[in-house]
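Dear colleague,

Please find below the structure for your files. My notes on what was found in it follow directly after.

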Amino acid sequence: MTITTVRGVRDILPEESPTWQLLEESARQIFAAYGYREIRTPLFEKTELFARAVGATSDIVEKEMYTFNDRGGDSLSLRPEGTASVVRSFIENNLQRALPWAVYYMGPMFRYERPQKGRFRQFHQMGCELFGAEGPLADAEMMAMIVRLLRRLQIDDALTLEINSLGCASCRGPYRERLFAFLQERQAQLCGNCIQRLQRNPLRILDCKGEGCRGVARQAPAMQESLCPPCADHFCGLQELLNGMELPYMVNPLLVRGLDYYTRTAFEVTTTALGAQNAVAAGGRYDGLVAEMGGQAVPAIGFAMGMERLALLLEGKGLRNGSRSGCYLLAVGAEAGRQALFLAEQWRSAGVAVQMDWLGGSLKAQLRRADRALAAQVLILGEQELAEQSVLFKDLRDGGQRLIHWGQVVESLRALS
Ligand code: ATP
Ligand code: MG
């Protein structure tokens, strides 16, 4: 029996890496251009961190976390998302003196979910968190940044930006009660899961995908009508700014998000190109979370995007780079092989990239491998070239070939790049 990966967990093979590198590099450039710096937090934390930050009644904490006791008996969890760790780090490192604080992260997250297309148990997110900015300018800029990244990747055509306001500590309570009363009268139409959620987390029912629940949700009182004046101003302000930037969006009163910590602005970017797993990015404001976690009251906003889903969109566009690149050095015979190693090292020291054929054998076999690896050029060192201190230079793109002296190789390769 061979050993396989764990269910819902996969390798990113070398063929896929260019897509992932394109994603990461584009994101790094754009996040940095907006003033975000990278933070790298641990892959596991005390379970309590997620229970408190994400919310003990959230689906993530109740059903999806990888939780275990370590050998010392402490309960730890693999991180299911990035915000909790960033908030912990912000407080633990006393960064409240350094506001505003803007960071981005990218890396694996872990959730015990039912694996399907675009949904895994180990998946990757890249996200940003901005601490200290209270007004809607920050919200609007963050959305513009996300859209800029998606445009840069040329995957913005089937996407929609949806926004909503979830209110704050003062207006959400009364809304929750109105909603609870409304839903309680219609319990018969709700799914089993939502009947259970009714007491603990009625807002989440708005977001249920079940047929009956969706019918009820469409009739339900909307949060927007219950916002207190400061929250209503914030939401109006945000929409004005999005209009001003000509950033298309939709107000979705049923957008509530699965994490308990959100206040005011919540948003999602969805696509029609991925079937059921339609959210590619999601985020919102969490003005109460830092204080809740033991820090001072600091307004904050953040988002995360799912990298597997972005990679699927990129692959759907055929953006994988299939063009020829790089130079291969092929040597025929033992002495030529030895000399090729020394020459390749010299040329690399001079700053050009040369890849050796690792397996050797006949020239024909080596040429076939270089062709399959999509090399752009090959340099061939045979017995005769060895005697003349030259190589046969072949351009696999146009078929041209000529002999060049060892001393001219670096110059010739530089001239090509
Ligand atoms: P969903 O409704 O798809 O479960 P979510 O609300 O749980 O998403 P968030 O916690 O907001 O998702 O995470 C942000 C983004 O991370 C999602 O929009 C999605 O692109 C991605 N994501 C979340 N869970 C997974 C997963 N299990 N596999 C792959 N990507 C995921
Ligand atoms: Mg989920």
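The count of cavities of 30 Å³ or more comes to 3. Here a cavity is a set of points, on a 1 Å grid over the protein atoms alone, where a 1.4 Å probe fits but cannot get out, whereas a pocket is an open set with protein on both sides within 12 Å along at least five of seven lines. Lining residues have an atom within 4 Å of a point. Grid points are joined across faces, edges and corners, and a volume is the space filled by probe spheres set on the points.

This is a predicted model, in which local features need pLDDT of at least 70 and side-chain atom pairs count only at pLDDT 80 or more, while totals for chains, interfaces and linings use all residues. Residues are numbered from 1 along each chain as its sequence is written, chains are lettered from A and ligands numbered from 1 in the order in which they are written, and side-chain values use heavy atoms, with hydrogens and water left out.

Cavity and pocket

The largest cavity holds about 50 Å³ of space. Its lining consists of Val9, Arg10, Ile12, Trp20, Gln122, His124 and Glu308, which divide into 3 nonpolar, 2 polar and 2 charged residues. In this division Ala, Val, Leu, Ile, Met, Phe, Trp, Tyr, Cys and Pro count as nonpolar, Asp, Glu, Lys and Arg as charged, and the others, Gly among them, as polar.

The second largest pocket has a volume of about 320 Å³. It is lined by 16 residues, of which Arg172, Asp260, Tyr261, Thr263 and Glu292 are the closest to its centre. Two or more lining residues come from each of α2 (47-53), α6 (169-185) and α10 (289-292); α6 gives the most, with 4 residues. Helices (H or I, at least four residues) and strands (E, at least two) are DSSP runs, numbered from the N terminus. The lining of this pocket comprises 7 nonpolar, 4 polar and 5 charged residues.

Asparagine 201 belongs to the loop between α7 (192-200) and α8 (211-219). Its relative accessibility is 10%, so it counts as buried (under 20% relative accessible area; exposed is over 50% and partly exposed in between, with a 1.4 Å probe and protein chains only). Leaving aside residues up to four places away in sequence, asparagine 201 touches Thr57, Arg176 and Asp260, contact being heavy atoms within 4.5 Å.

The open sheet

An open sheet of 5 strands has the order β13-β12-β14-β15-β16, with mixed pairing. β13 (355-356) and β16 stand at the edges with a single partner strand each, so one side of each has no neighbour in the sheet. Two strands pair if DSSP finds at least two bridges between them. Strands β15 (residues 390-395) and β16 (residues 401-405) run antiparallel and are joined by 5 bridges. Serine 390 has histidine 405 as its bridge partner, and valine 391 stands opposite isoleucine 404. Their hairpin has 5 residues between the strands, and glycine 399 takes a positive phi near 80° there.

Backbone points

The peptide bond from leucine 99 to proline 100 is cis, with omega near -5°; proline 100 is in the loop between α4 (83-92) and β5 (101-110). Glutamate 246, although not a glycine, has a positive phi of about 55°. Glutamate 246 lies between α9 (229-244) and β8 (250-251) in a loop, and is exposed at 68% relative accessible area.

With kind regards
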